[in-house]
Amino acid sequence: MVTYNIYQGYGPLYMELTLEAYRNIVRNVGSRADIATLSRVSKCFQHAAERSLYNTLHMRNAAETVSLCNVLAGQPRLAGLVDALTFYLPEDAKDSEEEEEEEEEEVEEAVGLPDNYWSSIARALKCTTQLRYLNIHIHNSTDTSTAWILDDCTFQLRSFHCDLLWDRHLVAFLNTQHELRDLFIIDYNDTQNSGDTTPTTNIAPSALILPTSSLPNLSILECTFAEAAMALVPGRPIARLKTCFSRSEMGAKKAELALLFSAVSRSTVALESLDIADASYSEAFSMELLTSIVTTSATSRELRYVGTLVLPIAGKERLQFYGLMMRLPHVRCAEVEVSEWEPSPSSPPAFRALASEMRLYSPTVTRVVFVHEFERTTVSVVDGVCRIDTETSTDTLWREI
């Protein structure tokens with residue numbers, strides 16, 4: 001009896017898909033729980049699903065943070081898949097009475113951290129060898145002198161948001177980050193211990209100063225102290241800078257302005273974005289700031305974003321303001337303070353009229369951000385017409401324009 005192979009010429013019943021096909025399937029799965037289930041279907045699905053699960057991690061709940069960090073520390077293979085990592089400690093309950101009801105449980109958990117919270121993070125970070133984006137957000141009273149968690153880490157970051165205290169551990173870590181391009185630091189102090197609680201003798205001041213040869217690719221810097229900008233801008237390719245004046249007395253603030261622009265002028269590239277906040281805005285000092293901007297080559301040649309400047313009320317002073325703005329040939333966005341205006345330009349027609357007025361003198365401007373009592377209103381130019389823009393995020397404009 002002759003038998004025939006009815007499957008001759010056909011492929012196997014279960015064909016392997018391409019790697020891209022597995023990735024597309026995982027990409028279209030709705031929830032992380034479903035992706036976790038899919039990872040157990042086959043080895044191929046496991047590879048694609050685990051990459052999706054561990055590529056970007058956002059940790060908010062303290063207990064879950066410890067648990068997940070223990071997983072990463074215990075399984076270096078999974079830790080090696082992590083590309084972006086965020087640790088977030090929300091506000092204390094006493095400072096968050098107006099928070100939504102569903103957030104209250106998370107807020108309460110953030111008050112008392114587990115004893116092994118930071119040590120768990122430290123162990124996990126040592127294993128995330130491919131990490132490129134790290135964010136540490138601390139919005140409560142948690143002790144921030146914990147930069148020792150970065151000791152012995154081998155990853156090379158591209159972006160780092162750091163709410164930790166400036167100490168020798170943080171400085172030593174930053175000194176290893178040759179690929180870092182985007183840095184946020186909430187603290188800076190190069191004159192003392194800065195809260196370093198590690199048992200040691202007196203720390204030499206040089207341990208708190210970042211060498212000029214470090215961070216060779218840093219191009220975006222956001223820092224809450226002008227002193228940090230003065231220390232970090234010189235000798236580096238900083239193209240986008242956001243900082244804040246530390247002084248409040250006019251004479252001291254003018255001296256700070258001079259020191260800041262001396263440092264900014266030593267950036268190895270021309271600035272494209274400059275956003276300097278102030279605890280108390282005044283028209284007189286704002287004109288001095290704008291004068292410094294337009295008379296400094298590093299801040300006038302390529303500047304696209306400028307802020308925050310007080311828009312003068314009186315016609316003559318406002319014309320002087322516009323005259324200075326005309327000396328910024330590439331400016332596209334200006335952020336201006338109008339809180340002192342009386343009556344305040346609080347209506348859409350008023351904001352559009354002021355934006356149109358500015359464009360008469362600076363036609364390159366396509367967006368104006370008006371600040372009134374900390375509320376921001378954006379006017380964007382669409383097809384030559386000024387319109388109220390409710391979609392643009394004012395928090396990131398200085399990074400994007």
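## A partly exposed arginine and its partner

R132 is partly exposed, with a relative accessible area of 31%, where partly exposed means between the limits for buried (under 20% relative accessible area) and exposed (over 50%), using a 1.4 Å probe and protein chains only. The model is a predicted one, in which local features need pLDDT of at least 70 and side-chain atom pairs count only at pLDDT 80 or more, whereas totals for chains, interfaces and linings use all residues. Residues are numbered from 1 along each chain as its sequence is written, and side-chain values use heavy atoms, with hydrogens and water left out.

The side chain of R132 meets that of D83 in a salt bridge at 2.7 Å, N to O, the term standing for a side-chain nitrogen of Lys or Arg within 4 Å of a carboxyl oxygen of Asp or Glu. Because D83 lies in the loop between α5 (76-79) and β2 (84-89) and R132 in the loop between α7 and β3, the pair ties together parts that are 49 residues apart in sequence; helices (H or I, at least four residues) and strands (E, at least two) are DSSP runs numbered from the N terminus. D83 itself counts as buried, at 14% relative accessibility.

## Other salt bridges

The structure holds 12 salt bridges. In one of them the side chains of R318 and E357 meet at 2.8 Å, N to O, and this pair links helix α13 (residues 315-325), which holds R318, with helix α14, which holds E357, across 39 residues. R318 is buried at a relative accessible area of 14%, while E357 is partly exposed at 23%.

Another salt bridge joins R376 and E335 at 2.7 Å, N to O, linking strand β12, the place of R376, with strand β10, the place of E335, 41 residues apart. Here R376 is partly exposed, with a relative accessible area of 40%, and E335 counts as buried, at 1%. Salt bridges that share partners also join D182, E222 and R399 into one network.

## The cavity

One cavity of 30 Å³ or more is counted, a cavity being a set of points on a 1 Å grid over the protein atoms alone where a 1.4 Å probe fits but cannot get out, with lining residues having an atom within 4 Å of a point. The largest cavity has a volume of about 60 Å³, a volume being the space filled by probe spheres set on grid points that are joined across faces, edges and corners. Among its lining residues are F245, D278, F285 and T308, and α11 gives the most to this lining, with three residues.

## Backbone details

The peptide bond from G307 to T308 is cis, with omega near -10°, and T308 is placed in strand β9. A cis peptide bond also joins E342 and P343, with omega about -5°.

D152, a residue other than glycine, has a positive phi near 65° and counts as exposed at 64% relative accessibility. E373 is likewise not a glycine and has a positive phi of about 55°; E373 is found in the loop between β11 (367-372) and β12 (375-382).

How values were computed: On a 1 Å grid over the protein atoms alone, a cavity is a set of points where a 1.4 Å probe fits but cannot get out, and a pocket is an open set with protein on both sides within 12 Å along at least five of seven lines; lining residues have an atom within 4 Å of a point.
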